[in-house]
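Please report on the fold and packing of this chain. Keep it short, and work from the coordinates.

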Amino acid sequence: MKYNISIIIPVFNEEESIPELIAWIERVMTNNPMLSYEVLMIDDGSSDESWNIIQNLAKNKHQVKGIKFSRNYGKSAALHTGFHSSQGEVVITMDADMQDSPDEIPALYDMVVKEGYDIVSGWKKKRHDPISKTIPSKFFNLVTRRISGIKLHDFNCGLKAYRDKVVKNIDVYGEMHRYIPVIAKWNGFRKIGEKVVEHRARKYGETKYGLERFLYGFLDLLSITFVSKFKKSPMHFFGAMGTLSFIFGFFVTIYIIGKKFYEIHYSLPVREITDQPLFFLALVALIVGVQLFLAGFVGEMITMNSPRKVDYIIDEETGIG
């Protein structure tokens, strides 16, 4: 069955908030009777009563569906599973801690369907978080904007809306859930918008994330930027760097040798080549250049001989029988 909206909610030890959140979503959707919907709750290995509550809700409410992981795999795994299980025209993600407001759902849906956005990301302009989270978050978002070229204020906001074609054609793994807009952009989905959303103070429990997420976040950003640009032609990166390094080492070596011949020819004091630090710098540059070039060559061989994953997306077809 196809729905207008799929609401995906990763859950990890949120037994107190789940019933209240589902009731709130139900009120919002009741006020918008023209919109059909489903709620996919992905239990990411909770150790409390979260799964039992999800099961009971699913028995009494046909819109609620649940998937349970055998252990905690992380938010990216939960979203990836939800994306591929969703049946909605528009997919909306939100956190289970009730800091995201379900009242935003209709407006997010309209931005995707009526305004044609591929992704709409929430922006928690006014936050109810301690300064130990807000300052690193602002720096993190600034760096991500500069590197990705996507003008979003809050990449890490859990409240987002996606066209179904987007979530069906991207892979989210590791801690890459922060960079879904970046992944989508590299896959050709470039109409990415932003909406100021309400950020509510935490009502139950405590945050599941520490400051280490920012370190992991920057590493993930570098990883996805590199892989997206060079996964099809690793020689473009390694070969270019290796060639530059080899050329530098080669010309430095020529300079050292030529200088020695010049000094010998004009009976000048001659310094042994092996006594010059520049010689060892040139030698290292030559070796590194060859190694980088070989790394690019090996990468190309692996790419050519590995099973080909079709990662280009057909937007439209016409006249196809």
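Helix 9 covers residues 234–265, 32 residues in total. In this predicted model, the helix reaches 46 Å from its first C-alpha to its last, close to the 46 Å expected at 1.5 Å a residue. Its buried residues are Pro234, Met235, Gly239, Gly242, Ser245, Gly249, Val252, Ile256 and Glu263. An α-helix has 3.6 residues a turn, so residues three or four places apart point the same way. Just after helix 9, Ser267 takes a positive phi of about 55°.

His236 also belongs to helix 9. Is His236 buried or exposed? It counts as exposed, because its relative accessibility is 57% and the cut-off for exposed is over 50%. Phe297 lies 61 residues from His236 along the chain, yet their C-alpha atoms are separated by 9.9 Å.

Helix 4 spans residues 105–113. Ile105, Pro106, Leu108, Tyr109, Met111 and Val112 are buried there.

Now the chain as a whole. The secondary structure comprises ten helices and seven strands. The chain has 321 residues, and 43% of them count as buried. Among contacts with a separation of 6 or more, 80% join residues 24 or more positions apart.

Key. Residues are numbered from 1 along each chain as its sequence is written. This is a predicted model: local features need pLDDT of at least 70, side-chain atom pairs count only at pLDDT 80 or more; totals for chains, interfaces and linings use all residues. Side-chain values use heavy atoms; hydrogens and water are left out. Helices (H or I, at least four residues) and strands (E, at least two) are DSSP runs, numbered from the N terminus. Buried means under 20% relative accessible area, exposed over 50%, partly exposed in between (1.4 Å probe, protein chains only). Contact means heavy atoms within 4.5 Å. The expected span of a helix is 1.5 Å times one less than its number of residues.
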